[in-house]
Amino acid sequence: MTMPPPITMWFAQTSATTDPFLTWWMTAAVAICGFALVLSLVNLRRFAVAPAVAEDDPGWSLTVCIPARNEAANLEECVRGVLRAADADGGSQTTVLVYDDGSEDETPAILARLAAGDPRVRAADTRPLPPGWNGKQHACDSMGRQATSDWILLIDADVRLAPDALARTRAAARRRTGANPEPALLSAFPRERTAGLGEAMVIPLIHFILMSYLPFGRMRNTLDPAASAACGQYMLARRDAWNEIGGHASIRASMHDGVLLPRMFRRGGHATDVFDATDIVECRMYDGFAETWAGFVKNAYEGLGNVLLLLLLTALHLGGHVAPWFVAAIGGIDLVLDLGIPVSKPAAGLALAAIGVQLIQRSMIASRFRQDRRVVALHAPSLVLLTVIQWWSLAMHLTGRRSWRGRTA
């Protein structure tokens, strides 16, 4: 009698104990992915673009604040885009304030030329970075305190505005979306342009995380700080409320204003909100994978805030989103080669169901936010990469080696 190979015997012996566990695991994975899909469907309906401007719109006084440290490649195009949007919003008083934060490239010369060419552009008064401050937060705080307008709009130098961006942002700020009053802090999530595969694997996860985990209904009907979000690339604030909560001094050491600033507004009793700016604002966050890695590592852990949440997200992403791909692959190999690998048909079927739910969700998000379509098929490796970034960010946080524009904090 021919004996079965030892590896086949081992698989057969372990199959009886692993099959029930694997089936339950894949059932949980379907539930995790299904929850993310359902919440995304709800959020995508609520995450509306900015409305059109009313004919009787009275305009506003606005200061657009741009922190700039070594932004020679971006500053001029950014400022000129803001000026075009200001020209299209003729009923408003718009000033562009740029804080040159010790740049070592041509940023100061570009800023001087822009200010000389248009009186609406001003160079902010600067001073050395005080101890305990992150450079960007110090720049934003300084500009906010020098502004005299009713509203301040804080944008990054790599942001590009459509001509109707400022007017429609104002319309969005005056739109009621729930039980909360009009927001004192309104943030837009721009269209995130990516080029290489490294960028495309990481940057679109911003929208995936936002759609999968933020309950928009709770955000708009309570002032719960935990039910809030913002994008540090584009944040509009009512200046009196911003002053009331202490400005950016309230988050002076932070590298993640998009998480912490809306929480400060809510703790101060002010509503916050977000809107979809895919059609009026775009941004090229980073150029290449190395910049993307460095940019996300600096604040990925801070955006979570504690190790327990990091552990939870790791379990959800690796156990709920990534594991089904391995189970389905192993089940497929066994189906072809008949190796006796302990993956039952129910477990393999559930794994395929979880994968299908993931692909539906990522396809919807990629289509809505004009993302690189490759991100759909790369969902699992993207989440593995994000998990590595988050844990590496924790290590950098604990060792004090995070940096923004060359400065550690």
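Here is a short briefing on the aromatic pairs and nonpolar cores of this structure. Keep in mind as you look around that the model is predicted. It holds seven aromatic pairs, and its largest nonpolar core has 50 residues.

**Aromatic pairs**

- Phe 47 and Phe 189 pair edge-to-face, with 6.1 Å from centre to centre and 75° between the planes.
- Phe 47 sits in the loop between helix 1 (6–46) and strand 1 (61–68), while Phe 189 belongs to strand 6 (residues 185–192), so this pair ties together parts that are 142 residues apart in sequence.
- Both Phe 47 and Phe 189 are buried.
- Tyr 286 and Phe 296 also form an edge-to-face pair, at 6.1 Å centre to centre and 65° between the planes.
- Here the pair ties together parts ten residues apart in sequence, because Tyr 286 lies in the loop between strand 8 (272–283) and helix 11 (289–297) and Phe 296 lies in helix 11.
- Tyr 286 is buried, at a relative accessible area of 16%, and Phe 296 counts as buried at 13%.
- A cluster linked by ring pairs takes in Phe 47, Phe 189, Phe 216 and Phe 369.

**Nonpolar cores**

- Within the largest core, Ile 66 and Tyr 234 touch the most other members.
- Helix 2 (residues 75–87) gives the most to this core, namely seven residues.
- Leaving aside residues up to four places away in sequence, the contacts of Ile 66 include Leu 75, Cys 78, Val 79, Val 96, Val 98, Met 143 and Ile 155.
- Another core, of 21 residues, lies apart from the largest one, and among its members are Ala 147, Trp 242, Ile 251 and Phe 265.

Technical notes:
Residues are numbered from 1 along each chain as its sequence is written. This is a predicted model: local features need pLDDT of at least 70, side-chain atom pairs count only at pLDDT 80 or more; totals for chains, interfaces and linings use all residues. Side-chain values use heavy atoms; hydrogens and water are left out. Rings of Phe, Tyr and Trp (its six-membered ring) pair if their centres lie within 6.5 Å; planes under 30 degrees apart count as stacked, over 60 as edge-to-face and the rest as tilted. Helices (H or I, at least four residues) and strands (E, at least two) are DSSP runs, numbered from the N terminus. Buried means under 20% relative accessible area, exposed over 50%, partly exposed in between (1.4 Å probe, protein chains only). A nonpolar core is a set of buried Ala, Val, Leu, Ile, Met, Phe, Trp, Tyr and Cys residues joined through side-chain atoms within 4.5 Å. Contact means heavy atoms within 4.5 Å.
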